[in-house]
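Dear colleague,

Please find below the structure that I am handing over to you, together with its sequence. My notes on what was found in it follow directly after.

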Amino acid sequence: MNDASITATPPALQVSNLHITIERAAAAPLTAVEGVSFRVGAGEVLAIVGESGSGKSLTAMALPGLHQHPVRISHGSVRLEGVELIGQPESALRRVRGSRIAIVLQDPLTALNPVLRVETHLVETIRAHRAIDREAARSLAMAALARAGIPEPARRLRAWPHELSGGLRQRVVIAMALVNEPAVIVADEATTALDVTVQSEILREVERLARGTRTAFVWITHDFSVVDRIADTVCVMYAGQVVEQGPATEVLAHPAHPYTRALLECIPIRQQPGHRLHQIAGSPPLIGAWPAGCRFAPRCPRAVDVCRRDPPRLSTPDGMTDSHAVRCHDPVRA
Amino acid sequence: MGYGALVRIAQSLLTLLAMSVLVFVAIYLIGNPIELLVPPQANQAEMARAAQALGLDQPLPVQYLHFLGQALKGDLGRSFTSNAPALTVIFERMPATLELALAAALIAVGLGIPLGLWSAFADGHPASRATLGLATLGFSMPTFWIALLLVMVFSVQLEWLPSGGRDASATLLGWRTSLASWQGLAHLAMPACSLALFKLALIIRVTYAATIDTLRLDHVRQARARGLSPARILWAHVLKNIGAPLLNVIGLEFGALVAFSVVTETVFAWPGMGRLLIDAINTLDRPVIVAYLLLTVVLFTLINLAVDIACLAIDPRLREARGR
Amino acid sequence: MSPGMRGTPPRQAAQARSAPVFALVTLTLIGAALAAPWLAPQDPYDLANLLLDHARLSPLTRDEAGMLHLLGSDDQGRDVLSAILYGLRVSLGVASAGTTLALAAGLTAGLCAAWHGGRTDAMLMRLVDLQLSFPTILVALMLMAALGQGPDKVVIAIAVSQWAYYARTVRGSARVELQRDYIAAARGLALPTRRIVVRHLLPNCLAPVIVLATAQMAAAISLEATLSFLGLGVPVTRPSLGLLIANGAQYVFAGQYWMSLWPGVVLLATIVAIQQAGHWAGRKAAGGGASR
C-alpha cells in the first residue's frame with residue numbers, strides 16, 4: 001500500500017470514521033459502531049473479525065446503505081471506487097448495489113428465494129442493472145456459476161434452491177454477487193454455516209477470484225483461521241470499535257491488543273497438542289452499555305487503573321509496523 | 001406435479017362421497033324419510049306405496065346406493081312448493097348468488113391484498129395500525145349486522161342506495177347480470193360490501209402476517225442488496241412467496257362467501273339460492289334442501305381442488321413433498 | 001418504499017393496556033345477563049306486558065303507564081332494554097352450552113387420537129380436516145335443516161361445527177406431552193390408562209384449549225345470532241339478541257332503528273370484548289412460557 005496509488009486510482013472501498021447508531025423511541029440513540037476506518041484495494045481481502053455484538057455485521061450492512069429504521073449511519077464516509085455513498089438517495093444506492101458492491105449473507109439456506117429458480121435469481125440481478133435481453137442474461141448467469149466453481153452450470157441454472165446442497169447454494173449466492181463484476185463483495189459470515197471441507201473449498205475459490213478478477217473482498221468473520229487463510233489485511237472489532245488493524249501477517253504474528261491475542265489463543269490448531277485452550281473470561285458488553293475507559297478493560301488480564309479510566313486511542317506504538325495500529329494503553333510487545 | 005394433482009383429485013372424490021353419505025344420513029334419516037319424498041299432505045296409504053316404490057323398505061346401504069345413483073343422474077326429486085325438479089330450481093337461483101359472491105370476493109381480494117401488503121410495509125405507522133385494528137373489528141362483526149347497519153345509513157338515512165332486491169335487466173355477453181347497469185350495481189353495492197367485509201378483514205390480516213414474516217427473511221434482504229427495484233422485490237420475493245397460503249385462504253373463503261350469502265340474501269331480499277334455502281327450510285321443502293347442500297358441497301370440493309392444484313403450481317417445495 | 005421493520009412493541013403495549021378494559025366489559029355483560037331479572041325494568045316474557053298500544057315507542061319516551069323506555073319499545077310493546085338483558089342471557093347461555101359441548105367432544109376426540117395414534121388418529125384427523133374445509137355456517141345450516149329449530153338444536157349445531165378445532169388443538173399438545181418423561185413414568189408405574197389420560201395428560205393440555213375456547217365462544221355467539229336472525233334458531237317467545245335484531249329489522253326501513261340497533265350494539269360489544277379478552281389471555285399464556 002503506497003501513497004502514490006491513492007492519487008492514481010482510488011481504492012475499491014474506503015471507509016472513514018464510520019458511526020452507526022440505533023434510534024430509540026423515548027431515549028437517546030445508542031452508538032453501536034464508532035469510528036471505523038479501513039480501505040481495501042482491488043484484488044485484496046480485508047477481514048473484519050469480532051464476536052457477535054461487536055458491530056461487524058452492522059458495519060457490513062452499512063457499506064451498501066442497507067440499514068433500515070431504527071439503525072442509521074450517523075457520521076462518516078463510505079467511498080466506493082472514489083464515489084461517496086453516504087447521503088446518496090435510495091435510487092442511486094440501488095444502482096450501485098448488486099452491480100458495484102455485492103453482499104453474501106451468512107445462511108445460504110435462506111438467502112435464496114425458495115419459489116424462484118437459480119436462473120431467475122441471477123437473471124433478475126443482471127437485468128436490474130443492465131438493459132440486455134433474457135438470453136444474453138442467461139449466458140452471463142451461466143458464466144457466473146462456472147466462475148463460482150459450480151459444475152454443470154447449465155443444469156444448475158434450472159434447479160430450485162431446495163434441490164441444491166448447502167455448499168452449492170452458497171456458491172450460487174457468490175455467483176449472484178459476482179454476476180455483475182462488482183468492485184467489492186462483502187461477505188458476512190459467508191462460510192460459517194457450512195461444513196469445514198466445503199468452507200475450505202469456498203475460501204480457496206474466493207482467494208482465486210480476488211486474485212483473478214481483481215475483486216475486493218470484505219470478509220466478516222468471527223474465526224481467525226479464516227483470516228489466516230485468505231486475508232491481506234485485518235480489522236479486529238470489539239464493542240463497536242476497531243481495537244487492532246493492520247496487515248494480516250503482521251497482526252497474526254505479533255498481535256498487539258490483549259483481545260486479539262486472546263482470540264488467537266482460542267484457535268485449536270495454533271496451539272501445541274496437550275496445551276489447554278484459552279477462553280476469554282466474562283462476556284462482551286451490550287450495545288450502548290459500554291464500560292468507561294477501555295471497553296475491553298473488564299475482561300482484560302493486563303488492565304490497570306488507567307485502562308478503567310481513560311479510553312485509549314487507535315495508534316501505532318513505537319517499534320510496530322506503520323500500517324499496524326492498536327487501541328490499547330499497554331500493547332503487547334512481541 | 002401430475003402425480004400430485006391426481007392424488008388431489010382422488011382425495012376430492014373421496015370427500016364428495018363422504019359428504020354425500022353425511023347429507024344422506026342427516027336429511028334422509030333424521031325424521032321420517034318418506035316425508036322427504038312425498039308431499040306433506042299425503043295420506044298413510046300413499047306414503048306406504050311411495051316407500052315401497054322408492055325402495056325405502058330396503059336395507060340402508062341399498063337405499064344409499066339408490067340415492068347416489070339418482071343423484072349422479074341429476075335427479076334429486078321435485079320441489080314440494082313449485083313441483084319443478086329441485087336441481088332446476090337451484091340452478092335458476094345460482095347465477096344471482098354467484099354474482100353476489102364474486103362481487104364480494106373481488107372487493108375482499110382487490111382491497112384486502114393491497115391493504116395487507118401496505119400495512120406490512122408501513123408496519124408501525126399509525127395508519128397501518130388503524131387498518132389492522134379495523135380489520136380486527138370487521139372480524140367480529142356478524143354479517144347480518146353489518147348488512148343492517150349499511151341499510152340504516154345508506155338507504156334510510158342518506159337514501160343513496162336501494163335497500164333490497166336485484167336488478168338484472170341488463171345483459172352482458174348474453175348473461176343477465178347486475179354488473180351491466182348502474183341500477184344493477186346500485187342494488188349490488190350493499191349486499192356485496194356487507195358480504196365482503198368479513199373476508200376483507202381476514203385477507204388483510206392474513207396478507208399482513210404473511211408479508212411481515214416474509215420481509216424478515218434473508219432472501220428479501222439479499223434481494224435488496226442486489227439492487228432490485230421495490231416493485232420487483234414486492235412481486236418476485238414477497239407476493240410469490242405468500243401466494244400459496246394466500247390462495248388457500250382466498251379459495252376457502254370464496255366457498256364461505258357462497259355459504260354466507262344465505263344471510264346477506266335474507267337481509268337484502270336478494271333472489272339467490274341462499275334465500276331459497278331458508279324458504280325451503282321454513283316450508284320443509286326437503287328435496288330443495290338436499291339439492292342445495294349437495295351442490296354446495298360439490299362447489300366447495302371443486303374450489304378446494306382448484307386451489308390445491310394452483311398451489312402446487314406456485315410452490316416448488318409442495319410439489320416435492322407431495323409428489324413423492 | 002423500503003420494507004419497514006419498525007418494532008411491534010408499541011402495538012402490543014397498546015393492546016396490553018386495553019386488554020383489562022375488554023375483560024371488564026366481558027364480566028359486566030355476563031353479570032348483566034345473570035342479573036337480568038333484577039336489572040330489567042320489565043319482564044319481557046310476561047305476556048301481560050305485550051301491549052300493542054305501547055309498541056314501537058322511541059327511546060327515552062314514557063308509555064301511558066308512566067314507564068320510561070330508555071331504549072324504546074319493540075313491535076310487541078316490550079321494553080327494548082329489558083328484552084336486550086334477557087336476550088343477552090339467551091345468547092350467552094346457548095353459546096356457552098354449545099362451546100362446552102364442543103369442548104368436551106373435541107377434548108375426547110383429540111385425546112383419543114393422540115393416545116391411540118395410528119389408524120384411529122389418521123381417521124379422526126381426516127374427519128377434522130374434512131369438517132374444517134367447510135365453513136361453520138354451512139355445517140350449522142345443514143344441521144338446523146335436519147333437526148329443526150330450538151335452543152337445544154342450536155347448541156348441537158354449535159358443538160358439531162366447532163368440535164374439530166378443539167380436537168386438532170388438543171391432539172397437537174397431547175402428542176407433545178406424551179413424549180415427556182412424566183407420562184413415561186406414569187406408564188412405568190402401570191397406572192390404568194384412564195388415570196394417566198385424565199389425571200396426567202389432560203391437565204397439561206388444557207391451557208391452549210381454554211384460550212381457543214374463548215375465541216370459539218365469540219364465534220358461537222355470532223353463529224347463534226346468525227341462525228336466530230335467519231329464523232332457524234331460538235323461538236320467538238324467548239328471543240336472543242340475534243332474533244331481536246331480526247324482529248326489529250323490518251322497522252329499520254321506516255326509520256325506527258332502535259329495535260335492531262341497540263341489540264346489535266350489545267351483540268357486537270359482547271363478541272368483541274370476549275374475543276379481545278381471549279386474545280389477551282392467549283398472548284399471556286404464550287408469553288408466560290411453559291405453563292407448568
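A:Arg158 is partly exposed, because its relative accessibility is 46%, and partly exposed stands for values between the limits for buried (under 20% relative accessible area) and exposed (over 50%), with a 1.4 Å probe and protein chains only. Its side chain meets that of A:Glu119 in a salt bridge, with 3.2 Å from N to O; the term denotes a side-chain nitrogen of Lys or Arg within 4 Å of a carboxyl oxygen of Asp or Glu. A:Glu119, at 8% relative accessibility, counts as buried. The pair links distant parts of the chain, 39 residues apart: A:Arg158 is in the loop between α7 (153-157) and α8 (166-178) of chain A, and A:Glu119 is in helix α5 (residues 118-127) of chain A. Helices (H or I, at least four residues) and strands (E, at least two) are DSSP runs, numbered from the N terminus.

Before going further, please note that this is a predicted model, in which local features need pLDDT of at least 70 and side-chain atom pairs count only at pLDDT 80 or more, while totals for chains, interfaces and linings use all residues. Residues are numbered from 1 along each chain as its sequence is written, chains are lettered from A and ligands numbered from 1 in the order in which they are written, and side-chain values use heavy atoms, with hydrogens and water left out.

Further salt bridges

Over all chains, the structure holds 25 salt bridges. In one of them, A:Arg100 pairs with A:Glu81, and the closest N and O atoms are 3.0 Å apart. This pair also links distant parts of the chain, 19 residues apart: A:Arg100 is in the loop between α3 (90-96) and β6 (101-104) of chain A, while A:Glu81 is in the loop between β4 (71-80) and β5 (83-84) of chain A. A:Arg100 is partly exposed at 28% relative accessibility, and A:Glu81 is partly exposed with a relative accessible area of 35%.

Another salt bridge joins the side chains of B:Arg226 and A:Glu124 (3.1 Å, N to O). This pair crosses between chains, from the loop between α9 (218-225) and α10 (230-268) of chain B, where B:Arg226 is found, to helix α5 of chain A, which holds A:Glu124. Are these two residues, B:Arg226 and A:Glu124, buried or exposed? Both B:Arg226 and A:Glu124 are buried. Salt bridges that share partners also join A:Glu119, A:Glu135, A:Arg138 and A:Arg158 into one network.

The nonpolar cores

A nonpolar core is a set of buried Ala, Val, Leu, Ile, Met, Phe, Trp, Tyr and Cys residues joined through side-chain atoms within 4.5 Å. The largest one has 143 residues, and B:Phe144, B:Trp145 and C:Leu141 have the most contacts inside it. Helix α5 (residues 86-121) of chain B gives the largest share of this core, 16 residues. The core lies between domain 1 (2-72) and domain 2 (87-323) of chain B, because both give residues to it; the domain bounds come from an automatic or database domain assignment.

Which residues does B:Trp145 contact, leaving aside its neighbours within four places in sequence? They are B:Met152, C:Ile245, C:Ser260, C:Leu261, C:Gly264, C:Val265 and C:Leu268, where contact means heavy atoms within 4.5 Å. Another core, of 41 residues, lies apart from the largest one, and its members include A:Leu157, A:Met176, A:Phe217 and A:Ile230.

Chain C and its interface with chain B

Chain C has 10 helices and 2 strands. Of its 292 residues, 50% count as buried.

Between chain C and chain B, 45 residues of chain C are in contact with 51 residues of chain B. The two chains bury about 4,300 Å² between them, 78% of it on carbon and sulfur atoms; buried area is the accessible area (1.4 Å probe) that two parts lose on being put together, summed over both. The count of salt bridges between chain C and chain B is 0. On the side of chain C that touches chain B, the largest share, 10 residues, comes from α10(C).

A:Asn17 is found in strand β1 (residues 13-22) of chain A, whereas B:Ala269 lies in the loop between α10 and α11 (273-282) of chain B.

Yours sincerely
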